[in-house]
Amino acid sequence: MAPPTNPNPADSSAKQSLEAGLAALKQKDYKSAIALLESVTQTAANQPSGIRAQMGLVAAYKATGNVKKAIALCSSLAKSPNPQVKTWADRALTELTPPRPPKPPENKPKSAETPPETGFVAFDAGTKSPKKSIGGDGLRPASLRPTADKKTGFLPLEPTVGSGNAKSQHIYPPPPPPTGQTSEPENSTETAPDTAEISGENSSGSPTDIPGVASPDTYQLTWRDTGRAKSPRPLKPLKLLEFRIQAVASAIALFFLARFVLQFLLTNTNSLLVQLYIFSRLPIFTPIQLFYRDPTPFVQMVFGLLLASSPWLIDTLLKLFCGIETLRGSVLSKHSKEASRVLRSFCTKQNMPTPVLKLLPLNVPVAFSYGGLPRFARIAVSRGLLEQLTDEEIATIFARELGHISHWDFAPMSLALLVIQIPYLIYWLVAHWQERLCDLMTIEFLRSAVKFVAAAISATSYGIYKLLRWPMLWVSRRRVYFSDRTAAEITGNPNGLTRAVAKIAIGMAANIEQQKQTSFFLESFDLLLPVGVGQAVSLGSAALHASLEQILLWDVSNRERNWLTVNRAHPLLGERLKLLALYAQFWQVETELDLANAGVEEQPRKGKLSLFKSILEFKDSKLFLQGAPFFGIPMSLAIVGVLWLIGGIFSRTSIWQLDWLWGDRSILWGCLPIGFSIGTLMRINYFFPDIIPRETASPSLPEILSNPESLPLDAEPVRLEGQLLGRSGMSNWLGQDLILQTATGLVRLHYVSRFGYIGSLWPFLFKETTRPSDLIGTSVVATGWLRRGATVAIDLESLRSQGGRVSDSGHPIWSAILAFAAAFWGAYIIIQGPR
């Protein structure tokens with residue numbers, strides 16, 4: 001993320017000189033441009049402004065015929081640690097030292113129309129593209145694709161194509177020249193394309209501030225279409241036995257959690273009925289005796305039925321809500337003959353029946369497998385996936401779903417999906433039908449009562465849905481790595497899978513923009529999808545405005561990234577694509593993305609006595625403050641141990657007043673929430689710094705994603721403008737689906753009412769009438785604290801519409817309330833003593 005403006009006069013002067021130099025370069029005043037840009041390089045050589053100045057000097061030197069200086073400067077930039085700057089410099093060096101065209105045969109005259117073999121292939125309007133599309137090019141919707149004639153001729157800081165076969169398709173074709181432009185001879189000093197390319201300006205003249213982050217008007221997503229391994233060497237065998245044991249253990253943990261939740265609901269329902277009966281003496285509130293029984297046998301029976309009938313139950317769900325159809329083999333072969341071959345050959349080799357193929361009539365590109373046994377397994381793909389991906393990319397997606405089936409992880413995940421569907425469907429149906437029921441009622445009191453009860457049921461069900469996902473998150477992340485690797489081995493095409501996964505993320509983001517909300521299908525089936533919805537929102541939309549290597553840098557280089565994925569169902573997208581690039585390197589294939597060596601740092605070797613030092617370093621790290629509320633719990637256990645030790649010592653002396661501390665379990669249970677409280681209070685000032693309007697940044701999404709060192713603790717106050725997307729009505733009263741659509745991508749918003757969940761569900765109790773869901777579809781200004789973790793989100797302070805309506809959020813208030821409540825609860829437990 002770009003830091004806020006530095007008030008240092010030297011930096012301001014360098015920035016002004018840079019802008020003036022780039023303006024002079026654009027106007028072809030090369031003498032002034034060189035003087036201004038050289039002054040910037042002397043004062044800010046290693047800063048982003050200095051790098052941009054050096055890039056501008058290359059164009060100026062080339063335009064004035066000083067090619068030696070331009071080459072020397074490019075050679076220096078080629079050593080930059082920034083992969084995007086290095087890539088640009090390599091491409092510029094290639095242009096400054098073009099290879100000689102091949103000598104024509106003696107018996108043939110030299111053709112003026114034959115271009116030199118530079119490794120690039122020009123556009124041919126009559127050539128049919130091998131890529132399929134839905135109203136577009138398969139990479140983004142047609143409405144979002146900039147046309148070539150509106151371009152400046154600059155694809156900013158794109159990865160270059162390595163030298164290779166001129167027949168290969170892994171190229172970055174340059175945009176066609178504007179209409180009416182005549183071709184220039186090779187020795188022409190025309191530098192308009194280079195000037196635009198280096199200065200980073202779009203057609204409207206707005207310059208980009210950071211190299212490697214392109215403006216929406218200048219960047220165009222392209223693919224290298226790199227090759228595949230012809231005879232891939234086998235990789236090290238997977239430890240499937242250990243993985244399957246862990247999957248079963250996760251399913252057992254899900255069972256006990258579901259049992260606990262059900263028992264908690266039944267017990268508290270009866271407690272509520274008892275209180276209502278005492279208050280009203282009405283027989284309708286008599287406690288239900290069945291709720292006092294042990295729910296274990298019932299949960300066992302439900303889990304058994306769900307597992308045994310999972311393929312047909314999921315078929316029914318998809319039929320009711322998506323209109324699922326059977327995918328005929330002829331239809332699949334039409335879109336991907338390789339996918340049909342992969343299905344037949346893999347199932348024959350593994351001696352397993354071919355899965356039943358299903359087609360989802362959805363435009364969003366998704367695929368998943370489900371079922372209880374391989375004999376009844378299904379693979380469901382959407383129409384959008386078949387139409388937006390190429391032949392080989394579709395084959396890699398089918399191969400990874402076959403990996404899920406052969407690893408047997410699809411069975412516990414199908415069970416988990418059905419278990420979490422129960423509360424999710426209650427949340428959705430209650431929110432959906434209460435509106436229709438209230439429309440039929442004429443009495444205002446009854447309408448308010450229905451809304452009151454429906455809001456409580458809907459919100460509770462959504463909370464249970466989120467809670468029941470937790471036991472399966474680790475298995476969900478691990479299985480993705482295994483299936484990606486299996487798909488790469490089956491097809492020998494890790495580059496094809498890289499493109500497929502990236503296109504799925506881009507397609508999901510485009511679907512959210514088109515639908516103006518996250519569909520219920522995407523959220524409820526998130527566990528089974530190839531890419532997480534939370535990842536796709538920001539990464540998929542930012543991929544249309546900056547290179548994938550740039551926006552995925554955090555995923556492959558942040559030191560604490562693995563700790564920040566514990567609450568996610570999918571591993572980091574950059575980590576997955578980096579592994580695929582390593583597979584391609586292992587098979588000596590050119591990689592689709594330059595991620596294989598990204599984020600590699602040599603760690604210093606530690607001595608044998610460095611454990612204590614490591615603990616001290618961790619205590620002073622940002623990660624400790626980030627997880628302080630949770631690290632406070634084990635720290636409180638250490639305090640309990642000290643108190644017990646003091647009690648044990650005094651119990652052996654005549655000082656009996658403190659011997660009660662020995663073995664007192666109330667101290668143990670009371671210190672746990674106190675430790676959580678202390679940790680929360682430790683980080684609250686770091687988590688919610690003061691928002692000063694004049695110092696509030698307005699970064700673009702690619703800038704946010706480009707900082708590899710940021711953590712959620714680095715809460716930068718931001719102010720972003722855009723359109724608010726999300727669901728309408730009761731299904732979004734808690735802010736479950738709030739997304740800000742900015743000019744450079746989508747950003748999720750986190751909201752909590754100043755009066756807590758009660759204020760969100762029943763704002764009339766506190767005269768708070770504006771929820772964020774009331775502003776859906778309008779242009780808003782979001783102010784809050786930016787969190788960059790496994791996903792990108794903003795903790796809202798306020799949301800203001802153009803019409804003047806304001807929805808205030810209360811994150812700092814409720815963090816403090818939660819901390820003090822935990823402290824009082826712990827003190828109460830200790831005061832009560834053992835029971």
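At what angle do helix 9 and helix 14 pack, and how far apart are their axes?

Modeller: Happy to, and please keep in mind that this is a predicted model. Helix 9 covers residues 310-321 and helix 14 covers residues 410-440; the two pack at an angle of about 35 degrees, with 10 Å between their axes. The crossing of helix 9 past helix 14 is left-handed.

On the side of helix 9, the contact is made by Ser 310, Leu 313, Ile 314, Leu 317 and Phe 321. Helix 14 answers with Ser 414, Leu 417, Leu 418, Gln 421, Leu 425 and Trp 428. Sorted by class, this contact holds eight nonpolar residues, three polar ones and no charged ones.

Helix 9 does have a charged partner elsewhere, though. Asp 315 forms a salt bridge with Arg 378, with 2.9 Å from N to O. Asp 315 sits in helix 9 and Arg 378 in strand 4 (residues 378-382), so to speak a link between distant parts of the chain, 63 residues apart. Across the whole structure, a search finds 23 salt bridges.

Ile 422, which lies in helix 14, belongs to a nonpolar surface patch together with Ile 426, Phe 452, Val 453 and Ile 457. Together these residues have about 400 Å² of accessible area. Helix 14 and helix 15 (444-468) are the elements that each give two or more residues to the patch, and helix 15 supplies the largest share, three residues.

How values were computed. Residues are numbered from 1 along each chain as its sequence is written. This is a predicted model: local features need pLDDT of at least 70, side-chain atom pairs count only at pLDDT 80 or more; totals for chains, interfaces and linings use all residues. Side-chain values use heavy atoms; hydrogens and water are left out. Axes are lines fitted to C-alpha atoms, for helices over the stretch in contact, and angles run from 0 to 180 degrees between N-to-C directions. Helices (H or I, at least four residues) and strands (E, at least two) are DSSP runs, numbered from the N terminus. A crossing is left-handed if the near helix is turned anticlockwise from the far one by less than a right angle, and right-handed if clockwise. Contact means heavy atoms within 4.5 Å. Ala, Val, Leu, Ile, Met, Phe, Trp, Tyr, Cys and Pro count as nonpolar, Asp, Glu, Lys and Arg as charged, and the others, Gly among them, as polar. Patches are made of residues with over 30% relative accessible area and no salt bridge: like charges are joined within 9 Å, nonpolar side chains (Val, Leu, Ile, Met, Phe, Trp, Tyr) within 5 Å. Accessible areas come from the Shrake-Rupley method with a 1.4 Å probe; for residues, only the protein chains shown count as cover. A salt bridge is a side-chain nitrogen of Lys or Arg within 4 Å of a carboxyl oxygen of Asp or Glu.
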